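Thank you all for coming.

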Amino acid sequence: MVNAVITGIGAYLPETKLTNEDLSKMVDTNDEWIMTRVGIKERRILKGEGLGASDMGAEAIKELLAKKNIKPEEIDLVVCTTVTPDAPVPSTAAIICDKCDIRNAIAFDMNGACSGFLYGLDLVAQYIRTGYKKKAILVSAEKMSAITDYTDRTTCVLFGDAATACLIEPTEEAGVGLMDSNLHTDGMGRHWLKVIAGGSVKPASHETVDAHEHFVYQEGKQVFKYAVTRMADATVDIMKRNNLVADDVAWLVPHQANLRIIDATADRMELPKDKVMINIQKFGNTTSATIPLCLYEWEKQLKKGDTLIFAAFGAGFTWGSIYYKWGY
């Protein structure tokens, strides 16, 4: 039986750091307030005129191709998860392909919000398992600074910019790759975490710009309430249906939105903190890039066959978990 396995990871992190001290000069906040509520110390911000998500995604792919010694023409599928596309048309995936000289691939964008990596990995796995595609790249590119209101202290402390690129290939080896997925959507969450304007319902206008309606808006208490239960529920459910206990899990790889949500998920799994990947303090919430960014940072510590649980929650609401066995 053919399965899909990640065989390499590239990443791009902008050089500019936005610290809590920097934010305290913009809005009424401070390091203690931010650390107590979300656990973020700093985040990366993409600076430079005319730079967007595609620039970061292209750099992540270029690093990946160099690491794996793969030519662009070998790639036959590119899926880009993003909530910050360069423009409505063309797709950011198409722009990234052009910048990376990838000419022979199906390429398209996918918006699963903060759960985008999970949704994207599950989708790409179907292309691989059927034999339709052999070398796929799942690129997660998020320029969240472009949709963050730096006059709103409740949201501006949360987000950072980053991109990752995962090479996904077929394997017939048993016990590695994507073992199971548990993904969900409940559209009622659209009221509490959203960007109000800029789409077909409410196109851009002087009024929408003046009202700050092109930035992320969220009702924090509602989002936190659902996130802390749904993300934990999804991880416990996937462990139960695969007869996994805490001792079986090498790492929990959670979406990096809020340290309290991560802690609650680990507690529900009865997992000690030293088995949880956490880098939120350095990068903040990079939306769909958070989980693969953890994998990129921990790559050298991972061992073939390690049991990983990926978990995320995002706008939509979208949420879920994936049971994955590390493949190299």
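Predicted model: local features only at pLDDT ≥ 70, side-chain atom pairs only at ≥ 80, totals over all residues.

Let me begin with threonine 235, which has a relative accessible area of 0% and is therefore buried, where buried means under 20% relative accessible area, exposed means over 50%, and partly exposed lies in between, with a 1.4 Å probe and protein chains only. Residues are numbered from 1 along each chain as its sequence is written, and side-chain values use heavy atoms, with hydrogens and water left out.

Threonine 235 lies in helix H7; helices (H or I, at least four residues) and strands (E, at least two) are DSSP runs, numbered from the N terminus. Setting aside neighbours within four places in sequence, threonine 235 is in contact with Leu252, Thr265, Met269, Ile309, Ala311 and Ser321, contact meaning heavy atoms within 4.5 Å. With alanine 311, the separation is 76 residues in sequence, yet 6.5 Å in space from C-alpha to C-alpha.

That brings us to helix packing. Two packed helices are described by the angle between their axes and the distance between the axes. Helix H7 (residues 220–241) packs with helix H8 (residues 259–269) at an angle of about 30°, the axes being 9 Å apart; axes are lines fitted to C-alpha atoms, for helices over the stretch in contact, and angles run from 0 to 180 degrees between N-to-C directions. This makes H7 roughly parallel to H8, given that angles under 35 degrees count as roughly parallel, over 145 as roughly antiparallel, 65 to 115 as roughly perpendicular and the rest as oblique. Among the residues that make the contact are Phe224, Thr235 and Met239 of H7, together with Arg260, Thr265 and Met269 of H8.

How do the axes of helix H3 and helix H4 cross? The axes of H3 (residues 53–68) and H4 (residues 92–100) come within 9 Å and cross at roughly 50°, which makes H3 oblique to H4. The residues in this contact include Ala53, Ile61 and Lys62 of H3, and Thr92, Ile96 and Cys100 of H4.

Next, let us turn to a strand. Leucine 77 lies in strand E4 (residues 77–81), and at 0% relative accessibility leucine 77 counts as buried. Beyond four places in sequence, the contacts of leucine 77 include Ala105, Phe108, Val124 and Ile137. Leucine 77 and alanine 107 are 30 residues apart in sequence, while their C-alpha atoms are 5.9 Å apart in space.

Finally, two loop residues. Serine 145 is found in the loop between strand E6 (136–143) and strand E7 (161–171), and serine 145 is buried, with a relative accessible area of 15%. Its side chain is joined to that of aspartate 161 by a polar contact of 2.7 Å, a polar contact being a pair of N or O atoms within 3.5 Å, of which, within protein, one must be able to donate a hydrogen and the other to accept it, and residues adjacent in sequence count only if both atoms are side-chain atoms. Threonine 287 sits in the loop between helix H9 (280–283) and helix H10 (290–298), and is buried at 3%. As for H10, seven of its nine residues are buried, Trp298 being one of them.
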